[in-house]
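Subject: Structure handover

Hello,

Here is the structure for you to look through. My notes on it follow below.

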Amino acid sequence: MNASSVDPTFRQRVAKHARRLRHEPDLLIGLVLSSFVLLVVLFPGLFAGHSPLAVNVDRAMEAPSATHLFGTDDVGRDVLARVVYGARITLSICASALVLAAVIGGALGLLSGFVGGRIDMLFGRLIDVVLSFPPIIFGVMVTGILGPKTTNLIFALTVVYVPLFFRIARSGAMAEAGMIYVEAARSMGLSQGRILLRHVARNVLPVILVQCMVLFPLVLQIQSALGFLGLGVQPPTPDWGAILQQGKDYILLAPWMSAFPGLAILITALALMLVGRGLQRRMDRR
Amino acid sequence: MGVYIAKRLAASAVTALLTSIVVFLLVRSVPGDVVGQMLGQTSDPVAAKALREFFGLDQPVWRQYANWLGRVLAGDFGTSWTRGQPVMGMVGSALGVTIQLAAATLVLATAIGVPLGILAAIYEGRAPDRIVQAFNLLGLAAPVFWIGLMLLVGMSSSFDWSPPLMYVPLHESVSENLSIIALPVLSLALLQAAAYSQFVRQSIVSALGQDYVRTAVAKGLSTRTVFFRHLLRNIGIPLVTFMGLILIQILGGAVIIESLFALPGLGRLLLSSIETRDYPVLQAGLLVVVVIAMLVNLVVDLSYRIIDPRVRLS
């Protein structure tokens with residue numbers, strides 16, 4: 001990871017990165033918030049005492065209280081439990097779409113940038129088609145036409161973000177293709193595929209990983225917007241956007257139904273943004 | 001210049017054509033069509049067949065596309081399958097609403113974002129900068145529909161005011177129109193103002209470290225001259241690019257905000273045409289969105305040349 005001549009052990013490297021955190025309060029806050037969100041995703045039972053699906057019509061639309069910290073929704077479900085259990089659903093959808101987009105976009109971009117020629121032209125045109133839409137409109141189109149199912153939602157988000165990974169990987173591969181080490185590898189008789197996989201891809205990988213973090217909050221925004229429009233995860237499954245969509249109709253009667261899931265999106269997006277930026281900054285400094 | 005514009009327009013036309021093919025195929029690749037929606041589950045097969053023939057849905061997809069494209073090139077977008085009105089008129093009036101929304105948002109976002117960005121850059125690292133940066137982060141992290149909902153709650157609980165439910169066009173009543181679009185514009189503008197101010201701050205801070213600024217200051221030019229004549233001109237290009245990006249973003253955000261505030265704009269039209277599988281409206285609406293996005297990009301690229309004579313268009 002760093003250029004020092006002595007090869008430091010893993011623990012020393014971690015300690016070094018951690019020490020630098022003291023001068024980057026924003027990254028630190030981002031990491032703390034992200035760890036908290038991760039805890040909620042992994043152990044929702046620790047944070048919610050109620051079931052996210054248990055209906056209790058007698059206690060519908062109760063304002064936040066000691067038993068229901070975030071209040072209850074229109075059929076008496078605990079909003080806190082729905083937000084807490086929703087974290088796992090919402091964020092796993094975003095993460096799967098991101099990973100898929102990074103793998104597909106990254107692979108196509110590497111190939112396109114390294115090989116060039118006709119392949120580059122063909123991919124470039126296809127990418128232009130996706131890029132010619134505002135992302136949310138493309139998402140609405142795909143989920144709306146294919147139907148509101150989780151797999152379609154992941155598919156739509158993936159397609160929307162493939163172009164961004166494609167462009168980054170492509171320009172990375174083009175820059176690397178002109179490097180002397182590639183020429184050296186070629187003169188040693190390595191095949192194109194081997195150079196691409198073992199050398200070029202490895203050098204472009206960190207940029208793609210950082211980009212994943214930078215794009216995560218954006219994916220979250222679009223995922224929840226589609227949920228809000230009723231094109232994402234369908235009720236009664238708790239998903240942040242879907243909870244907000246439900247709360248919309250009761251906004252003036254029970255604002256807590258919408259306020260808290262929105263706050264959850266805000267905090268998560270903020271945490272991911274701070275981490276993404278911190279990583280990007282470290283990357284640029286190198 | 002003329003050659004460049006022609007080349008760009010040709011490239012845009014190719015992309016628009018490809019896009020229309022993709023949309024056409026996507027729309028027709030899924031089960032269910034407008035006839036199923038009209039007649040319901042227990043439909044009479046004879047009537048269904050007749051209706052499909054009427055809409056041309058019985059023909060092979062490529063022929064349907066060729067027919068559609070031929071008519072579009074002649075300026076005819078057809079008739080809505082569900083409402084029976086000319087598609088052109090429907091898209092046109094919806095576009096008017098969205099354009100008003102986008103223009104008002106762009107103006108407001110610029111008016112908030114640019115001064116904030118300049119302020120933050122001037123006080124880099126000090127309290128005003130920190131406050132502006134906190135605003136930027138929150139503005140970028142908050143979902144736009146949530147801001148809209150919270151504004152609704154805030155307005156109704158503190159002023160006992162909520163916007164009218166029926167949309168009124170600007171030419172019918174200015175005050176009613178403004179009170180309807182006020183909250184949608186504000187919700188969209190807060191997000192974009194945050195993006196704007198962050199961008200302006202970043203551009204100025206990095207420009208301040210450049211040699212040309214140091215030279216200008218060393219020559220003894222006043223801060224005002226350095227700022228307006230040297231610095232602003234140099235960050236002009238990225239600023240214009242950014243405005244284009246913002247405009248396209250607003251177009252997307254409008255879909256969400258229009259459905260929340262029940263504004264009869266392009267976004268709502270797209271959503272409803274997807275729901276009812278009203279293909280002619282959907283295709284025309286999407287085509288309009290894509291063409292607008294392309295034109296915005298073209299205008300952005302052309303304005304480079306006006307701002308900065310060094311730019312050679314290739």
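**Annotated domains**

For chain B, an unreviewed UniProt entry places the feature "domain: ABC transmembrane type-1" at residues 95-300. Keep in mind that this is a predicted model. Over residues 95-300, chain B is 83% helix and 0% strand, with the end C-alpha atoms 21 Å apart.

Chain A has the annotation "domain: ABC transmembrane type-1" at residues 87-276, again from an unreviewed UniProt entry. That stretch of chain A is 84% helix and 0% strand, and its end C-alpha atoms are 19 Å apart.

**Chain A as a whole**

Chain A contains ten helices and zero strands. Its C-alpha atoms fill a box of roughly 75 × 50 × 25 Å along the principal axes. Of the 286 residues in chain A, 47% are buried. Take the contacts in chain A between residues at least 6 apart in sequence: 69% of them join residues at least 24 apart.

**One helix pair in chain A**

How do H2(A) and H10(A) lie relative to each other? Helix H2 (residues 25-42) and helix H10 (residues 256-285) of chain A have axes that come within 8 Å and cross at roughly 135 degrees. An angle over 145 degrees would count as roughly antiparallel, and 65 to 115 as roughly perpendicular; the two helices are therefore oblique to each other. The crossing of H2(A) past H10(A) is left-handed.

Residues meeting there include A:Leu27, A:Gly30 and A:Leu31 from H2(A), and A:Leu270, A:Ala271 and A:Leu274 from H10(A). By class, this contact has eleven nonpolar, four polar and two charged residues.

Regards

Note on methods
Residues numbered from 1 in each chain as written. Chains lettered and ligands numbered in written order. Predicted model: local features only at pLDDT ≥ 70, side-chain atom pairs only at ≥ 80, totals over all residues. UniProt positions renumbered as here; feature names shortened; annotations may be inferred. Helix = DSSP H or I, 4+ residues; strand = E, 2+ residues; numbered from the N terminus. Buried ≥ 20, exposed ≤ 12 C-beta atoms within 10 Å, placed from the backbone. Contact = placed C-beta atoms within 7 Å. Axes fitted to C-alpha atoms, helices over the stretch in contact; angles between N-to-C directions. Parallel < 35°, antiparallel > 145°, perpendicular 65-115°, else oblique. Left-handed = near helix turned anticlockwise from the far one by under 90°. Nonpolar A, V, L, I, M, F, W, Y, C, P; charged D, E, K, R; others polar.
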